[in-house]
Amino acid sequence: MTAVSPIHNICVYCGSADGVHPEYYAAAEEMGSLLAARGIRLVYGAGKTGLMGAVAEGALRAGGQVIGFIPENLNLPALVHEGLAALEVLPDIQMRKARMSATADAFIALPGGYGTLDELFETLTWAQIGLHQKPIGLLNTRGYFDPLLGMVRRALDDGFIYAEHEVLLVSDPSPEGLLQKLLDFTFPDGIERWVNRE
């Protein structure tokens, strides 16, 4: 089964921590600006701090559309961006992730912590078991994801994933390069082997 989906909405997962290296903020802002320039709506976790705030500001300053999803317990003035086109408040973090996934045509993970990695790997797992065929990318600013990509390679080498699972995840150090890879992405054949064990 092979599919290429048009990309109108991209969900961005990224860190909300403040005080990280300036290159991370710059790359996040550039990513948001690029999405806006391409007419792609930014779907994200509604935050105004850290890289979440930077990617949203980049998109908004470039005239882009930004929609945020947030669980009730994080719907706080200190965290939520006030300038979004739409804000959806969900009962819990699981519903937030499900709504972002359903709204997106593709996914990008920028550098981040536990939450970003959780969202990224849930999205990858859903692709692995055939729940979606959407492109998934890493913006590998400052080589942040190099260890993660090495771990994915180790999982493949040691037989914990199949070759078609490794190619579910694309990466690039530049926003422009990554977006092009997502636009060119073709879902791999044979993904059903994981479930069928053929």
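Biologist: Where is the place of Val 195?

Modeller: Val 195 sits in helix α8, residues 193-196. Bear in mind that this is a predicted model.

Biologist: Is Val 195 buried or exposed?

Modeller: Exposed means over 50% relative accessible area. Val 195 counts as exposed because its relative accessibility is 53%. Together with Ile 129 and Leu 131, Val 195 makes a nonpolar surface patch of about 280 Å².

Biologist: What average pLDDT does the protein have?

Modeller: The average is 95, and 97% of the residues score at least 70. Where pLDDT is low, predicted coordinates should not be read in detail. Residues 1-5 stay under 50. The model has 14 contacts for them beyond four places in sequence.

Biologist: Which residues are buried in helix α3?

Modeller: First, the general idea. An α-helix has 3.6 residues a turn, so residues three or four places apart point the same way. Now the case. In α3, residues 93-103, the buried ones are Arg 96, Lys 97, Met 100, Ser 101 and Thr 103. They lie on the same side of α3 because they cover an arc of only 165 degrees around the axis. On the other side of α3, Gln 94 and Ala 102 are exposed.

Biologist: What phi does Ala 46 have?

Modeller: Most residues other than glycine have a negative phi. Ala 46 is not a glycine, yet its phi is positive, about 75 degrees. Ala 46 lies in the loop between β2 (41-44) and α2 (50-61). At 0% relative accessibility, Ala 46 counts as buried.

Biologist: And what phi does Arg 142 have?

Modeller: A positive one of about 55 degrees, although Arg 142 is not a glycine. Arg 142 is in the loop between β6 (136-139) and α5 (146-157). With a relative accessible area of 47%, Arg 142 is partly exposed.

How values were computed. Residues numbered from 1 in each chain as written. Predicted model: local features only at pLDDT ≥ 70, side-chain atom pairs only at ≥ 80, totals over all residues. Heavy atoms only, no water. Patch = residues over 30% accessible without salt bridge, like charges linked within 9 Å, V, L, I, M, F, W, Y side chains within 5 Å. Areas by Shrake-Rupley, 256 points an atom, 1.4 Å probe, with all protein chains shown as cover. Salt bridge = Lys/Arg side-chain N within 4 Å of Asp/Glu carboxyl O. Helix = DSSP H or I, 4+ residues; strand = E, 2+ residues; numbered from the N terminus. Buried < 20%, exposed > 50% of the residue type's maximum accessible area, 1.4 Å probe, protein only. pLDDT = per-residue confidence, 0-100. Contact = heavy atoms within 4.5 Å. Arc of directions from axis to C-beta.
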